[in-house]
Amino acid sequence: MIQDFPSRVMTAAEMETPGGEDEVMQALGEEPEQTEKRHLVENGAEALIARAIDKGASVETVERILAMARQIRADEAKRLFDEAMSAFQSECPVIQKLKKVDFTSKRTGSRTNYSYAPMDDIVNQVKEIISRNGFSYTFETENTQQDITTVIKVRHIAGHSETTRFPVP
């Protein structure tokens, strides 16, 4: 028997609102219990889609299920990233700044004096902790006439990543 499925695609915001995922599960004739929904989507979006097709679901409903599965995976990846980052930060030592800069500008006459840790030194101090917590990273340097900016992208094995930009003195 083909059921009457909702015909419009839900937005990610609608799925995040209370009852958004419930609407999809109810369209499939399922009781919308949170743990069951998460289990179905996390452990078998393909199986859930197959069930929807078997029950005569519309393309729009299948698209909504895919969107729900993607959102749940993204939420879980972010949660795992945050947990790993917390563990990393609790283990991470204070970075030793072993290089020094000390000069007087010939152009302005002002003195510049600071200590820093080159990227290689930072990596050597934390590479085991990075690996142990499932992280990898890439960085790029952008040069403009005004400044130099470093862009670092941190990735976690669960799939979430975050990018940070900062000016280099």
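Which residues form one aromatic cluster? Phe81, Phe88 and Phe135 do.

The structure is a predicted model, in which local features need pLDDT of at least 70 and side-chain atom pairs count only at pLDDT 80 or more, whereas totals for chains, interfaces and linings use all residues. Residues are numbered from 1 along each chain as its sequence is written, and side-chain values use heavy atoms, with hydrogens and water left out.

**View 1. Helix H5 and its buried residues.** Helix H5, spanning residues 59-91, has 33 residues and reaches 48 Å from its first C-alpha to its last, close to the 48 Å expected at 1.5 Å a residue; the expected span is 1.5 Å times one less than the number of residues. Helices (H or I, at least four residues) and strands (E, at least two) are DSSP runs, numbered from the N terminus. The buried residues of H5 include Phe81, Ala84 and Phe88, where buried means under 20% relative accessible area, exposed over 50% and partly exposed in between (1.4 Å probe, protein chains only).

View 2. Leaving aside residues up to four places away in sequence, histidine 156 touches Leu80, Phe81, Ala84, Asn133, Gly134 and Phe135, a contact being heavy atoms within 4.5 Å.

**View 3. Aromatic pairs.** The structure holds four aromatic pairs. Among them, tyrosine 114 and tyrosine 116 form a tilted pair, 6.2 Å centre to centre with 55° between the planes; tyrosine 114 is partly exposed at 26% relative accessible area, and tyrosine 116 is partly exposed at 35%. The rings of tyrosine 137 and phenylalanine 139 have centres 6.3 Å apart and planes at 15°, so this pair is stacked. Tyrosine 137, at 32% relative accessibility, counts as partly exposed, and phenylalanine 139 is partly exposed at 38%. Rings of Phe, Tyr and Trp (its six-membered ring) pair if their centres lie within 6.5 Å, and planes under 30 degrees apart count as stacked, over 60 as edge-to-face and the rest as tilted.

**View 4. Isoleucine 148 in strand S4.** Isoleucine 148 lies in strand S4 and, at 34% relative accessibility, counts as partly exposed.
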